[in-house]
Amino acid sequence: MPTPPPAVPPARTAADAAVQCPGCGSVLAALETTAPEPPAAPTAACARLFEETTRGLRDEEGADPRPAATLALAEAAWTAQHAAGAGPDRVRAALDALATRTASPPVPEGTARPAVWRTTIADVAADLDVIDLAVLVDSWARAVLQDWRRDAAG
């Protein structure tokens, strides 16, 4: 009996080519992965975008304190948006770091996670060719704090 030919994967459609990150809501090009992504975790595409966007900061952080400070702010903003399944202590630490690093009032304890974010790592990456990364990260961090506060007030 002849062996059937291998199954041909279906052609990708535009809907298959994009994924929405459950952490920040960014819609990004899907990455080819073999493992399914956990439902509360950031998508592989979003995590990769964060790593690529902050790579230069990681490379420079040992030689200059400014990139290290910008990287710490970016990591706090990222965590505040993407730590849904990591527990409240991790989110609280990120929010406290954001407030401290931006000289802003802290987010009240018990504040629910925002349903919508005004700025994400995708916005930061999109503007890198025209705006300095440190300025973008500072703006992103402040927007994350405002989003948390907005939902606390509403």
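Is Glu 109 buried or exposed? Glu 109 counts as exposed, at 65% relative accessibility, where exposed means over 50% relative accessible area, buried under 20% and partly exposed in between (1.4 Å probe, protein chains only). The views below take you from the whole chain to single side chains.

This is a predicted model, in which local features need pLDDT of at least 70 and side-chain atom pairs count only at pLDDT 80 or more, while totals for chains, interfaces and linings use all residues. Residues are numbered from 1 along each chain as its sequence is written, and side-chain values use heavy atoms, with hydrogens and water left out.

**View 1. The whole chain, to get your bearings.** Five helices and two strands make up the secondary structure; helices (H or I, at least four residues) and strands (E, at least two) are DSSP runs, numbered from the N terminus. Along the sequence, their pattern is β-β-α-α-α-α-α. Of the 154 residues in the chain, 34% are buried.

View 2. A polar atom of the Thr 54 side chain lies 2.8 Å from the backbone oxygen of Phe 50. Setting aside residues up to four places away in sequence, Thr 54 touches Leu 71 and Ala 74 (a contact means heavy atoms within 4.5 Å).

**View 3. Thr 79 in helix α2.** Now look along helix α2 (residues 65-82) for Thr 79. Thr 79 is buried, at 13% relative accessibility, and its side chain reaches the backbone oxygen of Glu 75 at 2.9 Å. Apart from neighbours within four places in sequence, Thr 79 is in contact with Arg 90 and Ala 94. The C-alpha atoms of Thr 79 and Leu 95 are 8.6 Å apart, although 16 residues separate them along the chain.

**View 4. The two sides of helix α3.** The 14 residues of helix α3 (residues 88-101) reach 20 Å from first C-alpha to last, close to the 20 Å expected at 1.5 Å a residue; the expected span is 1.5 Å times one less than the number of residues. Buried in α3 are Val 91, Arg 92, Ala 94, Leu 95, Leu 98 and Ala 99. They sit on the same side of α3 because they cover an arc of only 160° around the axis, taken from the directions from the helix axis to the C-beta atoms. Asp 89 and Thr 100, on the other side of α3, are exposed. Just after α3, Ala 103 has a positive phi of about 55°.

**View 5. Arg 92 and its salt bridges.** A salt bridge is a side-chain nitrogen of Lys or Arg within 4 Å of a carboxyl oxygen of Asp or Glu, and the structure holds nine of them. Arg 92 is buried, with a relative accessible area of 16%. Its side chain meets that of Asp 96 in a salt bridge (3.0 Å, N to O), and both residues lie in helix α3, four residues apart, about one turn of the helix. Arg 92 also forms a salt bridge with Glu 109, whose closest N and O atoms are 3.4 Å apart. Glu 109 belongs to the loop between α3 and α4 (121-126), so this pair ties together parts 17 residues apart in sequence.

View 6. The side chains of Asp 138 and Arg 142 meet in a salt bridge (2.9 Å, N to O). Asp 138 is partly exposed, with a relative accessible area of 26%, and Arg 142 is partly exposed at 33% relative accessibility.

Notes: Polar contact = N/O pair within 3.5 Å; in protein donor to acceptor, adjacent residues only side chain to side chain.
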